[in-house]
Amino acid sequence: MVDSLFPSIENTGDDDASPESSRKKRRISETSKEAETEARRTNEESLKRWRTNRVQQIYSCKLVEALRRVRQRSNDAGKVSGAAREIRETADRVLAASARGTTRWSRAIIATRVRARLKKHRKAKSTGNIKSRKATTETKRIKLPAVERKLKILGRLVPGCRKVSVPNLLDEATDYIAALEMQVRAMEALAEILATAAPRTTLTGP
């Protein structure tokens, strides 16, 4: 008689727990679906935004203004070396500002300059450990599977995405690629304008 009581107690426990667990699973699946749809909608909106002519024109205007300031600073300081790097960094900062800090990669680019200033005094300490870091990264790279290794490389290419989940990394990479494509289109248009304006300035110049 005692043995016959235990199955009934276990069955009642399973019956009571199963509706609650199914409700929890249903809630988790609903929240995950809502998060996926929200992320997909945001991703589609960002892609449409980077493909519009208005965003490209705004970026071009801001880029020209920033490059003028960079040129003025370099002329005042008398510096010629490192101009290409400064132009690239300026273009990236303007691109991040155009994203208005809505993405992780844009916030990382904006914060890069501040971090670089803070890390200047740490360069001497960090140079001694470069070889050991390279050795550990190479061993880790060999041990990682192919998919994880490619995701790790992608996380290094997208600013601020070294330690994010795979869905977030893919969303950030998609938005970053669309922004870079817009940057290339804007810079090509500016290069064409400057190329057509250059012969006129040489002819009209002294």
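User: What is the mean pLDDT of the chain?
Analyst: This is a predicted model. The mean pLDDT of the chain is 77, with 68% of residues at 70 or more.

User: Where is confidence lowest, and where highest?
Analyst: Helix α6 (residues 130-143) is lowest, with a mean of 53. Helix α7 (residues 146-157) is highest, at 93. Where pLDDT is low, the predicted coordinates should not be read in detail.

User: OK, aromatics. How many aromatic pairs are there?
Analyst: Two. In one, the ring centres of W50 and W105 are 6.3 Å apart with planes at 45°, so the pair is tilted. W50 belongs to helix α1 (residues 2-50) and W105 to helix α4 (residues 104-118), so this pair ties together parts 55 residues apart in sequence.

User: And which residue does W105 also pair with?
Analyst: Y176, again tilted, at 5.1 Å centre to centre and 55° between the planes. Y176 lies in helix α8 (residues 166-204), 71 residues from W105. W50, W105 and Y176 form one aromatic cluster.

User: Is W50 buried or exposed?
Analyst: Buried, at 0% relative accessible area. W105 and Y176 are both buried too. The charged end of R49 sits over the W50 ring, 4.7 Å from its centre.

User: Switching to α3: which of its residues are buried?
Analyst: T90, A91, V94, L95, A96 and S98. Just after α3, R100 has a positive phi of about 60°.

Key:
Residues numbered from 1 in each chain as written. Predicted model: local features only at pLDDT ≥ 70, side-chain atom pairs only at ≥ 80, totals over all residues. Heavy atoms only, no water. pLDDT = per-residue confidence, 0-100. Helix = DSSP H or I, 4+ residues; strand = E, 2+ residues; numbered from the N terminus. Buried < 20%, exposed > 50% of the residue type's maximum accessible area, 1.4 Å probe, protein only. Phe/Tyr/Trp six-rings, centres within 6.5 Å; stacked < 30°, edge-to-face > 60°. Lys NZ or Arg CZ within 6 Å of the ring centre and 35° of its normal.
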